[in-house]
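Morning, everyone. I'll take cavities first, then aromatic rings. Here is the model.

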Amino acid sequence: MDRILPFVNTPFIKILTGIRRSGKTTIMKMLINELKKSGIQDNQILTYNFDSLQYEELKTAQALYAHLKQKLYPTGKTYLFLDEIQEVESWEKVVNSLMTDCDVDIFVTGSNSRMMSSEISTYLTGRYVSFRIYPLSFSEYLLFRKEYAEVLDPYTELANYLKLGGFPAVHLQKYTQDDVYTIVRDIYNSTIFTDIVKRSQIRKVDQLERIVKFAFDHVGRTFSAASLSKYLKSENRTIDNETVYNYISKLESAYILHRCPRYDVQGKEILKTQEKFYLADPALRYSVLGYSSDSTAAMLENVVYLELLRRGYEVTVGKLDTAEIDFVAMKQENKLYIQVAQEIGSAETEKREFGKLLDIRDNYPKYVLRTDIFAGGNVEGIKTMPIADFLLSQEF
């Protein structure tokens with residue numbers, strides 16, 4: 001809300017994107033409430049949800065444009081809220097024409113590839129601002145949870161957050177872990193079948209599901225199409241590398257997966273191979289594959305990665321000679337280097353985690369994040385702190 005509100009009454013289309021059920025519609029309602037508080041009248045605000053059959057006849061550009069033109073407030077600005085706009089064919093032309101021809105302020109949401117910047121920039125170059133809506137952060141999760149349960153210390157709650165994830169729907173009341181995974185599995189299924197299988201007319205659904213399970217099981221590990229093809233071959237399935245990347249791309253387009261490229265710390269360039277993938281929410285993994293404690297390290301990385309994205313960082317995996325830095329996060333002139341460790345129980349582990357960061361010869365902040373509870377500290381300029389404290393910190 002703090003990021004979106006400054007753009008109200010500016011000549012930009014406000015586009016809210018993100019995985020289904022991440023809270024985009026709720027944020028729209030919050031924006032409408034803010035408008036009403038500022039004195040905007042009810043008949044200046046028009047809302048449409050194109051997931052509903054109620055608006056089925058408006059899903060062509062010509063029909064929607066003609067309808068909206070008739071509904072506009074006659075003596076001042078109209079505020080248009082168009083939910084799941086990707087269901088309308090050539091929607092970009094509609095909003096572009098309305099911005100040109102009428103006195104309007106437009107807010108739209110969407111949850112698939114037609115809302116990706118590469119898709120919409122062709123029609124709306126320079127005329128839109130995009131906001132990625134993520135499931136609840138750790139701090140937001142704590143706010144939700146205290147409405148229906150006793151909130152424990154942050155270190156205990158981080159373990160709960162890791163298992164239950166951040167989809168708002170699962171934190172509106174006290175659900176069992178099984179209930180949570182049932183809800184999240186429904187979100188996953190509707191995303192897979194509506195935004196990928198149906199839209200892309202995929203026939204080999206079992207092949208797609210095997211690729212999903214492989215990707216979910218390999219969160220935080222470097223990925224190659226060749227390794228996935230080899231895995232499928234072991235299951236007596238053959239698939240070429242191009243098809244693998246095509247499926248992965250569709251999972252990205254539905255906001256289920258996030259691609260994290262590698263960055264050469266010395267050469268200061270993005271590398272084209274061996275990227276990693278992270279999930280839109282930890283509960284996706286557990287709802288599809290079942291809960292297992294051996295995935296905790298990967299999911300901790302996943303949570304830190306998403307928090308950096310929420311705060312506006314571009315995040316990469318760092319390459320330093322043969323060593324790997326978990327995350328290099330950049331935002332304008334700011335840069336962070338981060339290592340995520342479950343715990344540091346030996347001198348060897350400490351040397352491994354700190355040594356990589358000590359080899360980076362610049363003055364940007366460096367962190368080693370841990371799950372074990374301790375007071376935090378500073379090792380030769382490297383800050384070490386519990387992951388829970390980092391997620392709740394305002395210092396980065």
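The largest cavity holds about 50 Å³ of space. A cavity here is a set of points, on a 1 Å grid over the protein atoms alone, where a 1.4 Å probe fits but cannot get out; lining residues have an atom within 4 Å of a point. Volume is the space filled by probe spheres set on the points, with points joined across faces, edges and corners.

A word on provenance: this is a predicted model, with local features needing pLDDT of at least 70 and side-chain atom pairs pLDDT 80 or more, while totals for chains, interfaces and linings use all residues. Numbering runs from 1 along each chain as its sequence is written, and side-chain values use heavy atoms, without hydrogens or water.

What lines the largest cavity? Among the residues are Arg-132, Ile-133, Tyr-134, Pro-135 and His-258. The second largest cavity has about 30 Å³. Its lining is Ala-215, His-218, Arg-221, Phe-223 and Phe-277.

Now the rings. The whole structure has 22 aromatic pairs (Phe, Tyr or Trp rings, the six-membered one for Trp, with centres within 6.5 Å; planes under 30 degrees apart are stacked, over 60 edge-to-face, the rest tilted). Phe-214 and Phe-223 are edge-to-face, because their centres are 6.2 Å apart and their planes at 70°. Phe-214 is buried at 6% relative accessible area (buried is under 20%, exposed over 50%, partly exposed in between, with a 1.4 Å probe and protein chains only). Phe-223 is buried too, at 4%. Phe-214 also pairs with Tyr-231, tilted, at 5.0 Å and 40°. Tyr-231 is partly exposed at 28%. Ring pairs join Phe-214, Phe-223, Tyr-231, Tyr-245 and Phe-277 into a cluster.

How values were computed. 1 Å grid on protein atoms, 1.4 Å probe; cavity = no way out; pocket = protein on both sides within 12 Å on 5 of 7 lines; lining within 4 Å.
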